[in-house]
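Q: I would like to learn how to read a model of two protein chains, one feature at a time. Could we go from the overall fold to the details?

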Amino acid sequence: MAKRLLPHLLLGFSAFLVLLPFAYQVSLSLTPPEALFGSPWPFHHPLTLENYRVVLEKLPVGRYTLNTFLFALGSALGQILLGLLAAYALVFRPPPWTGLFLGLFVLSMLVPFVVTYLPSYLLVARLGLLNTLPGLILPMLTAGYAAFLLRQHFLGFPREILEAAVVDGAGTRDLLFRILVPANLPTLLALFITLFIGAWNQFVWPLLVANRPDMYVLTVAVQRFAGGEGANAWGPLMAASVLATLPTLVLFLAFHRTILQTLMEGGVRG
Amino acid sequence: MRAGAGRRGNLGGFLFLAPGLLFLLLFVYWPLLYNLWLSLHEWNLVRPEAAFVGLANYQALLENPAFWQTVRQSLIYMALAALGNFLVPLGLALLTLQVKSPWSERYQALLFAPTVAAVSVAALVWLYIYLPAAGPLAKVLGGLGLPAPSLLSDPDYALPAVALVANWKFLGFHYLIALAGLKALPREVLEAARVDGAEGLPFLRHVLLPLLFPTLLFLLLSALANALDYAFVPIDVMTQGGPFGHSTNLMYAVYQEAFRFFRAGVAAAQAVLLTLGLGVLILGQLFLLERRNRG
């Protein structure tokens, strides 16, 4: 009995430790200023929504959320579309040198971003796309992960189905959007959410490219707030950070089964 | 695939690859080459012309003690990642295998949760936890009668304090790939892993460990290869590399050289050295992955 409980105890305690910072985050966002440094434990204080009122009054949270949403949506959809086309070609219509092309997609995941950011920044600046949505999104559209993950899934897809459809007169668009997409919907959904959350949480690239206040994404806005009005105002700052985190957390909670399963199958990088 | 399409179908396939490849060329491979070119030049991002200086940027780096301090600290970040993003997640994954559904899935979701939050935002919470004197950590340590240094401004503690945040943030992801790796092993291996105590130990050493070795190596390499990347944002938010560069690493140093000090050439040279160093780890990882997929 004790032996069966031990894993539960250890895992439960680890989960508690891992989630503790979130407890502080939420607790602080509900703390009145005078109670900030009372108890070292979360939720040992009177609760207030005042901090949220302050943040919503001082920051155009709606605008930042819209920027972030469009940036994340464009990045995720773009990567999926490019990855889908590439994976389709790699598996079902391999051109000459398929191995080389696959290698280019895989290796692209492994180039450190600090190597590519300066040249990418200069390129985006030269195109006149600083502080624009396309400038934010275009460099995110390196679809190595999407292409690789979808290729792994397509490899196990029965070719005969596609061949039969071609005999029946189906074109490439039908093969992709009437057969492959519906058949791989859970994977595509999990991939979309993973990429969406990934882009939502991007910090360094938006910090460099979108530095005009009306183009801030949430991560940048929260950081600017932390460095300015929100400095030492832990309540409002954490309220802002909760607002920035909530959408991704809700997405994860709603789809965690599919996401975890797909990540475990992909196995390279999240 | 098309009946009798042969070569024509193949070339058609290239059309579908082209858009994805275009973006890779524009935002990965061209930057990689441009970076190499830049590393041989001196440029402040503002002057119209970059001046060719040969290998001077590399020489300046290799002769600079601050660079070697950064290298040393990068290795410390990696060592701490081996602990926090390899050993700990592996232990948690092994524990999870002993737990039945639905608890197994519950622990997975809970432990994975920090991965979903933005690291830049999460690091702010840790700033509060680490606050000297008034913060919860200092109070708890004080309550236990332990000294509570101001972690982030102390040259000895800043790096481990930042590394803890990075390890915490990405623990869930490494836990998940550890779990996936273990689950991909043959069933008998996993059942044998439950054998305990005296009879288990020789078995562990001579049968289990050799079977597990490729998976373990893969997990270790992926923790090491990502360690500097993971620490990047926590460094930027919490210490900006300080105090006196004691919590910086190679990746953050490249960024600072380029975007704070505008020494594009030096940044590029450092980025080249970094890429070569990480390349070894990453190629090892790919090799193992390829072998696993084939086996």
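This is a predicted model: local features need pLDDT of at least 70, side-chain atom pairs count only at pLDDT 80 or more; totals for chains, interfaces and linings use all residues.

Q: What share of the residues counts as buried in chain A and in chain B?

A: A residue is buried if 20 or more other C-beta atoms, placed from the backbone, lie within 10 Å of its own, exposed if 12 or fewer, and partly exposed in between. By that count 46% of the 270 residues of chain A are buried, and 41% of the 295 residues of chain B.

Q: How many residues does each chain bring to the contact between them?

A: Two residues are in contact if their C-beta atoms, placed from the backbone, lie within 7 Å. Chain A contributes 71 residues and chain B 76 residues; among the elements of chain A that give two or more residues are α1 (2-29), α3, α5 and α13 (234-266). For classes, Ala, Val, Leu, Ile, Met, Phe, Trp, Tyr, Cys and Pro count as nonpolar, Asp, Glu, Lys and Arg as charged, and the others, Gly among them, as polar. The side of chain A that touches chain B then has 51 nonpolar, 17 polar and three charged residues.

Q: At what angle do α3(A) and α10(A) pack?

A: Axes are lines fitted to C-alpha atoms, for helices over the stretch in contact, and angles run from 0 to 180 degrees between N-to-C directions. Helix α3 (residues 61-92) and helix α10 (residues 185-200) of chain A pack at about 135°, with their axes 8 Å apart. That makes α3(A) oblique to α10(A), given that angles under 35 degrees count as roughly parallel, over 145 as roughly antiparallel, 65 to 115 as roughly perpendicular and the rest as oblique. The residues that meet include A:Phe71 and A:Ile80 in α3(A) and A:Leu188 and A:Trp200 in α10(A), and the contact has 12 nonpolar, three polar and no charged residues.

Q: Which residues of α5(A) are buried?

A: They are A:Val114, A:Val115, A:Thr116, A:Tyr117, A:Leu118, A:Pro119, A:Ser120, A:Tyr121 and A:Val124. Just after α5(A), A:Gly128 has a positive phi of about 70°.

Q: Where is A:Asn131 found, and is it exposed, buried or partly exposed?

A: A:Asn131 sits in the loop between α5 and α6 (133-137) of chain A, with a positive phi of about 60° although it is not a glycine. A:Asn131 counts as partly exposed because it has 16 C-beta neighbours inside 10 Å.

Q: Which residues does a cis peptide bond with omega of about -5° join?

A: That bond joins B:Gly242 and B:Pro243, and B:Pro243 is in the loop between α9 (197-238) and α10 (250-259) of chain B. B:Phe244 lies in the loop between α9 and α10 of chain B and has a positive phi near 50°. B:Phe244 is exposed, with 11 other C-beta atoms within 10 Å.

Note on methods
Residues are numbered from 1 along each chain as its sequence is written. Chains are lettered from A and ligands numbered from 1 in the order in which they are written. Helices (H or I, at least four residues) and strands (E, at least two) are DSSP runs, numbered from the N terminus.
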